[in-house]
Amino acid sequence: MLRERTQAVTGCSLLRYKTLKFFKRIIYILGVNVKMENEKLLAKNLFDYSRTIAKPLLETVDYPWEALPKISEFIIELGKTLDPEIYEQRGENVWVAKSAKVFDSAYLGGPLIICEDAEIRQCAFIRGNAIVGRGAVVGNSTELKNSILFDGVQTPHYNYIGDSILGYKSHTGAGVITSNLKSDKSLVTVLCDGDKVDTNVKKFGAMLGDHVEVGCNSVLNPGSVIGRNTNIYPLSFVRGYVPENSIYKRLGEVAEKIE
């Protein structure tokens with residue numbers, strides 16, 4: 001009896017899966033523009049919005065990569081409203097909190113907001129369209145562009161962070177790269193649960209959920225989305241969605257954490 005019930009449940013699950021794939025195929029053939037929502041990839045399921053000055057921007061989007069083309073305009077408008085008792089303007093569309101520590105050798109390109117108690121270390125290269133959160137670290141020789149670093153983020157050593165969003169207290173080890181452009185320059189897709197989710201953007205590095213740890217010299221390929229509280233092994237080659245609360249060892253191998 002138990003075996004028959006198990007077979008019945010398995011058969012129903014397989015039927016639902018095939019039905020879903022069939023309708024997706026029909027939608028593709030007909031060219032109907034229907035948004036196939038994937039809960040795992042939603043910005044609200046990756047980030048705590050209260051941990052960033054960019055909260056008003058992120059609340060306007062469903063998926064985090066939808067915020068990337070809007071970062072520049074958002075910074076310019078928000079910068080005009082910042083408290084001059086807390087922030088000072090350093091050049092065109094560059095606002096730096098007075099409590100932030102910025103080394104003389106760092107390059108600050110606008111539009112840019114550096115929040116309170118952040119640290120911009122020697123030879124950091126910020127190319128613009130960037131938000132550096134409260135207490136965040138942009139390390140020596142790290143390059144940053146068109147990205148949002150939530151509060152407490154650390155990118156401390158020789159990192160490239162481009163067209164990316166890094167959640168609260170996420171950390172990238174030395175030499176971690178967010179590859180943000182495909183070799184054929186085509187639009188980026190996110191691979192999740194066997195489906196390819198269209199992003200409609202050409203430049204898209206990585207979305208790191210809150211408390212993500214990325215090991216040294218790892219490469220996050222275009223369209224990488226890492227769920228909350230996940231650890232990425234050093235020297236990893238990452239593509240697509242990596243589940244929250246997991247340990248990523250290598251491409252195609254994810255081991256759940258032991259609580």
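Two strands are said to pair if DSSP finds at least two bridges between them. In this predicted model, strand β9 (residues 143-149) meets that condition with strand β11 (residues 160-162), to which three bridges join it in the parallel sense. Within this pairing, Glu143 stands opposite Tyr160 of β11.

Strand β7 (residues 125-132) runs parallel to β9, and six bridges join the two; here Val132 of β7 faces Leu149 of β9. Strand β12 (residues 165-166) also pairs with β9 in the parallel sense, over two bridges, and Leu149 stands opposite Leu166 in β12. Because six of its seven residues are buried, β9 is largely enclosed by the rest of the structure.

An antiparallel arrangement is found in another part of the chain. Strands β15 (residues 189-192) and β16 (residues 195-198) run antiparallel and are joined by four bridges, with Thr189 placed opposite Asp198 in β16. The two strands form a hairpin with two residues between them, and in this hairpin Asp193 takes a positive phi near 55°.

Thr230 lies in the loop between β20 (224-226) and β21 (231-232). Is Thr230 buried or exposed? Buried means under 20% relative accessible area; Thr230 has 0% relative accessibility and therefore counts as buried. A polar atom of the Thr230 side chain lies 3.4 Å from the backbone oxygen of Gly227. Leaving aside neighbours within four places in sequence, Thr230 is in contact with several residues, among them His211, Val212, Glu213, Val242 and Pro243.

Conventions:
Residues numbered from 1 in each chain as written. Predicted model: local features only at pLDDT ≥ 70, side-chain atom pairs only at ≥ 80, totals over all residues. Heavy atoms only, no water. Buried < 20%, exposed > 50% of the residue type's maximum accessible area, 1.4 Å probe, protein only. Polar contact = N/O pair within 3.5 Å; in protein donor to acceptor, adjacent residues only side chain to side chain. Contact = heavy atoms within 4.5 Å.
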